[in-house]
Amino acid sequence: MRIDIISIFPEYFAPLDVSLIGKARERGILDITLHQLRDWTHDVHRTVDDSPYGGGPGMVMKPEPWGEALDAVAARSPSAPPRLVVPTPSGRPFTQELALELSAEPWLVFACGRYEGIDARVIDEYATRTRVDEVGIGDYVLAGGEVAVLVMVEAIGRLLPGVLGNELSAADDSFAPGAMRNLLEGPVYTKPPEWRGRRVPEILLSGHHGKVARWRRDEALRRTVRNRPDLVTRLDPDTLDKRDREV
Ligand code: 6GU
């Protein structure tokens, strides 16, 4: 997968050299290019923002540098244009489902806004040429889209074939489609079997795979009720059995 990220702070993306995503890049599974938006300005101050029409606080990102930047980045391939993702707290929610959908794309461009956002005509203009999604990562406000893009690239990147050590581990994730849809993962344990007087639940030492699976599902349900009661109403009734309802 190819990813281009346009920002006035490309230094924010240093973590993408590290760990799982860094390895995926070294191995050629992920091809990430960072771009400095100011490279597409033409004034001595390399201006990217201006005051909002209609008044109000803050600054708005000017359309011209964004237009030139997006045209230049998209022109790097004569084939189908990239799907454009614009991080903003006003966007649709970033979910595991959207991460999975985006992980199937050959090419993504992330356009990181700062200040009060990007002139809305940029999004309207590109929406006539390609799929554009304004996406937010939660109900709070960050200083800019950069950290949100780090979050999204990590969530998307780990779903690419060959990135996770164990391909099965993504299937068990909280929010993964299938049996874990809208369920949080329960607690996990490793050796030693007793630590500071606390025993690992005996079922996990029993070697009884059926009972272990049932226990894990019960724990996942309990944790979901406790930490995310809003998710319980979204559990698919068809996937709940009698035991689930007792939890
Ligand atoms: Cl994508 N951007 C900003 N600036 N704040 C956010 C966000 C994005 N998602 C949640 N808060």
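Start at the ligand and select strand 5 (residues 83–93): this strand gives the largest share of the shell around the ligand, 3 residues. Strands here are DSSP runs of E, at least two residues long, and helices are runs of H or I, at least four long, numbered from the N terminus.

Among the residues you'll find Pro87, Thr88 and Pro89, plus Gly136, Tyr140, Leu142 and Ala148. How many are nonpolar, polar and charged? The shell has 7 nonpolar, 5 polar and no charged residues, with Ala, Val, Leu, Ile, Met, Phe, Trp, Tyr, Cys and Pro taken as nonpolar, Asp, Glu, Lys and Arg as charged, and the others, Gly among them, as polar.

A quick word on what you're looking at: the model is predicted, so local features need pLDDT of at least 70 and side-chain atom pairs 80 or more, while totals for chains, interfaces and linings use all residues. Numbering runs from 1 along each chain as its sequence is written.

Next, colour the open sheet: 5 strands in the order 2-1-6-5-7, with parallel pairing (a pair needs at least two DSSP bridges). Its edges are strand 2 (31–36) and strand 7 (132–136), each pairing on one side only.

Zoom in on strand 1 (residues 2–7), which is joined to strand 2 by 6 bridges. Pick arginine 2 and you'll see aspartate 31 of strand 2 opposite.

Finally, zoom out and colour domain 1 (2–157) and domain 2 (174–246), with bounds from an automatic or database domain assignment. Their centres, taken over C-alpha atoms, are 37 Å apart.

Conventions
Near = placed C-beta within 6 Å.
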